[in-house]
Amino acid sequence: FGGAVFAQQAPSKVPTEPELVGTLPYSTTNGPTQSIVVQVGDGGSGPYKSVLVGDPNLKTHTLYRPRDIKPFGANLKLPIVAHGNGACRNASYEVRNFLTEVASHGFLVIAIGPPIPTIAGGSYVSGQTKSSQLLDAVDWATAENERQGSALYGKVDTSKVAVMGHSCGGLQAIEVSTDPRVTTTVMLNSGIIGARPAPPAGAPAAGR
């Protein structure tokens with residue numbers, strides 16, 4: 001899918017909270033806000049320091065991408081990683097450092113959940129998510145790659161699409177993996193839920 005190795009390095013000082021590094025006009029479903037571009041921790045150990053971004057055209061998701069996207073274009077593109085959260089939470093705050101790390105190696109990560117709850121976390125998070133929202137992320141990235149005027153115009157590698165998730169998010173990733181655009185599926189601390197197999201003949205029933 002790209003061969004990147006996500007090595008954790010120990011910088012001398014890493015901020016523990018998201019740090020505001022820019023603003024852009026943005027409106028959430030609950031009203032307007034401005035400060036929506038932040039760097040999480042040290043921005044990742046990869047060659048492209050990354051930021052958490054809220055995009056006004058995708059209020060239901062949070063982007064993690066290289067802060068400087070000028071190097072990307074015809075000869076270097078950003079593969080897509082759509083991420084589902086543990087417990088089907090509608091925010092990726094628990095894994096924002098991890099997703100920042102992935103993005104710093106040259107990926108466009110689109111996590112389910114709006115950015116404000118992802119930054120604030122805890123009691124700010126409400127609602128459950130659906131597997132289809134992973135494909136909503138892929139649809140959006142594909143459209144932005146083709147839309148003139150988009151910051152991502154011509155910079156996204158739509159031939160490399162990963163769906164990824166933790167726990168419930170891993171199950172969501174499996175569910176949408178039959179989409180022909182998906183080239184990689186990543187399950188983190190997840191599994192497959194199915195019917196319990198029947199016990200062998202003569203074996204005692206479960207719970208006895």
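Where is the place of Ala-87? The legends below take up that residue and several other close-ups of this predicted model.

**View 1. Ala-87, a residue with positive phi in a loop.** Ala-87 sits in the loop between β7 and α1. Its phi is near 60 degrees, which is a positive value in a residue other than glycine. With a relative accessible area of 42%, Ala-87 is partly exposed.

**View 2. Asn-189, another non-glycine residue with positive phi.** Look for Asn-189 in the segment after β10. Phi here is near 50 degrees. Asn-189 has a relative accessible area of 69%, so it counts as exposed.

**View 3. Strand β8 and the strands it pairs with.** β8 covers residues 108-112, and five of the five are buried, so the rest of the structure largely encloses this strand. Both faces are covered: Leu-108, Ile-110 and Ile-112 are buried on one side, with Val-109 and Ala-111 buried on the other. β6 (residues 61-66) pairs with β8 in the antiparallel sense, over four bridges, and Leu-63 stands opposite Ile-110 of β8. β7 (residues 78-84) runs parallel to β8 and is joined to it by four bridges. Here Val-81 has Val-109 of β8 as its bridge partner. To get from β7 to β8, the chain passes through helix α1 (residues 96-103), and this β-α-β crossover is right-handed.

**View 4. Helix α1, tucked into the structure.** Six of the eight α1 residues are buried, so the helix is largely enclosed by the rest of the structure. The buried ones are Arg-96, Leu-99, Thr-100, Glu-101, Val-102 and Ala-103. Their cover includes β5, β6, β7, β8, α2 (115-120) and β9.

**View 5. The largest nonpolar core.** This core holds 27 residues, and the ones with the most contacts inside it are Leu-108, Ile-110, Trp-140 and Leu-152. At least two core residues come from each of β5 (50-53), β7, β8, α3, β9 (156-166) and α4 (168-176). Helix α3 gives the most, with six residues. Zoom in on Leu-152: setting aside neighbours within four places in sequence, Leu-152 is in contact with Ile-69, Leu-78, Leu-108, Trp-140, Glu-144 and Asn-145. There is also a second, separate core of 13 residues, including Val-38, Leu-99, Val-109 and Met-164. As background, nonpolar side chains in soluble globular proteins tend to be buried together.

**View 6. Helix α4 and what covers it.** The residues buried in α4 are Cys-168, Gly-169, Gly-170, Gln-172, Ala-173 and Val-176. Among the elements covering them are β7, β8, α3, β9 and β10 (184-188).

**View 7. Gln-133, a buried residue of helix α3.** Gln-133 belongs to α3, which spans residues 132-146. Its relative accessibility is 12%, and the cut-off for buried is under 20%, so Gln-133 counts as buried. The side chain of Gln-133 reaches the backbone nitrogen of Lys-130 at 2.8 Å. Leaving out residues up to four places away in sequence, Gln-133 touches Thr-60, His-61 and Ile-112. One of these, Ile-112, is a buried residue of β8.

How values were computed
Residues are numbered from 1 along each chain as its sequence is written. This is a predicted model: local features need pLDDT of at least 70, side-chain atom pairs count only at pLDDT 80 or more; totals for chains, interfaces and linings use all residues. Side-chain values use heavy atoms; hydrogens and water are left out. Buried means under 20% relative accessible area, exposed over 50%, partly exposed in between (1.4 Å probe, protein chains only). A polar contact is a pair of N or O atoms within 3.5 Å; within protein, one must be able to donate a hydrogen and the other to accept it, and residues adjacent in sequence count only if both atoms are side-chain atoms. Contact means heavy atoms within 4.5 Å. Two strands pair if DSSP finds at least two bridges between them. A crossover is right-handed if, with the strands pointing away from the viewer, the path from the first strand over the helix to the second runs clockwise. A nonpolar core is a set of buried Ala, Val, Leu, Ile, Met, Phe, Trp, Tyr and Cys residues joined through side-chain atoms within 4.5 Å.
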